[in-house]
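User: I have a structure to go through with you. Could we start with the overall picture and then turn to one part of it?

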Amino acid sequence: MLIRPRRNRKSAAIREMVEETTLTTKDFIFPLFLLEGTNKKVEVDSMPGIYRFTLDLMLKEIEECLNMGIKAFDVFPVVDEKYKDKMATKSADPNFFYIKALKEIKSKFPEACIMTDVAMDPYSSDGHDGIVDENGNILNDETLDVLADMALAQAETGIDIIGPSDMMDGRVEYIRDALDENGFENTSIMSYCAKYASAFYGPFRDALDSAPKSGDKKTYQMNPANKHEAMIEAELDAQEGADFLMVKPALAYLDVIHLLKENNELPIAAYNVSGEYSLIKAAAEKGWLDGEATMMESLLSIKRAGADVILSYFAKEAAQILRF
């Protein structure tokens, strides 16, 4: 045999020399859950190793992560039921604990990239990403004003990236216009352009207590059966002013990540969601697989598929490995 591919696998040095995909801490955005109050750190039952932090402890967590090479964070609010209403009014309140915390985080760590979530569900008494009418319909156009106000309140804190995760039609352009008209033309938008109506979100909804009170999200999140529909969403969001395009979830949608990467010039992000994290953690706890090896392989597969940015709850654990 003249051609023996195994020659390029015969030692670790050669394997590393010819490897096509390299994972680094620069690839990660680490999602964090913010609690109101002080000195509280509460583990998410369905996400072992992931915690909800009050601001004082979150600042320490961010500092620790920065020292490990993680430079970007997506901060989600844990909103008490007493603050929720049908119009998600607390989402744009400059005195709300989440908005005040964002300002302090960015002030303390100006070098960090801070991303925020724009959707009604954490603040909504209905648990949906849009306004719900008396018949249970999600009102698209009426919701855009709420999203724009929310995005502006977040941008005013100095954060770097707005993440519209609601999947309302036209929201990227609406938010982009609102940001630009108010002097925030440098605030980026990472659009959840291909967010699927997935069963993998369960642990995240536990963390935020943001599950829908009735119905489901299938009229606005995408059908898991569809791949090319993601191209329509991506093209629209790119035209409307998105700076990044995101696929969510990641592992069950590697083909969609690859499709968007091959057909777009914008950076592609992928959200390695809570259910994907918890599956590996649960199996590792049972001893059914090597948790560390499976974690690193899964993250590598997301990058190999074409993701430039990976939002993952594994970011801190992976960074610990990648440092050495």
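User: How many helices and strands does the protein chain have?
Analyst: This is a predicted model. The protein chain in it contains eleven helices and twelve strands.

User: What is the radius of gyration of the protein chain, and what would a compact globule have?
Analyst: The protein chain has 20 Å, which agrees with a compact globule, because 324 residues in that form would give a value near 20 Å. Along the principal axes, its C-alpha atoms fill a box of roughly 70 × 45 × 40 Å.

User: What share of the residues is buried?
Analyst: Of the 324 residues in the protein chain, 54% are buried. The accessible surface is about 15000 Å², and carbon and sulfur atoms account for 49% of that surface.

User: And which share of the contacts joins residues at least 24 apart?
Analyst: That share is 73%, counted among contacts between residues at least 6 apart in sequence.

User: Changing topic: how far apart are the mean positions of the positive and negative charges?
Analyst: They lie 10 Å apart, with 36 positive and 56 negative charges in the protein chain.

User: Now helix 4. What is its span?
Analyst: Helix 4 covers residues 140-155, and its 16 residues reach 22 Å from the first C-alpha to the last, close to the expected 22 Å.

User: Which of its residues are buried?
Analyst: The buried residues of helix 4 are T143, L144, V146, L147, A148, M150, A151, L152, A153, Q154 and A155.

User: What covers them?
Analyst: The cover includes two helices, helix 3 (97-108) and helix 5 (171-181). Strand 5 (113-118), strand 6 (131-132), strand 7 (138-139) and strand 8 (161-164) are also among the covering elements.

Technical notes:
Residues are numbered from 1 along each chain as its sequence is written. This is a predicted model: local features need pLDDT of at least 70, side-chain atom pairs count only at pLDDT 80 or more; totals for chains, interfaces and linings use all residues. Side-chain values use heavy atoms; hydrogens and water are left out. Helices (H or I, at least four residues) and strands (E, at least two) are DSSP runs, numbered from the N terminus. The radius of gyration is taken over C-alpha atoms; the globule rule is 2.2 Å times the number of residues to the power 0.38. Buried means under 20% relative accessible area, exposed over 50%, partly exposed in between (1.4 Å probe, protein chains only). Contact means heavy atoms within 4.5 Å. Accessible areas come from the Shrake-Rupley method with a 1.4 Å probe; for residues, only the protein chains shown count as cover. Lys and Arg count as positive and Asp and Glu as negative; His and the chain ends are not counted. The place of a charge is taken as NZ of Lys, CZ of Arg, CG of Asp or CD of Glu. The expected span of a helix is 1.5 Å times one less than its number of residues.
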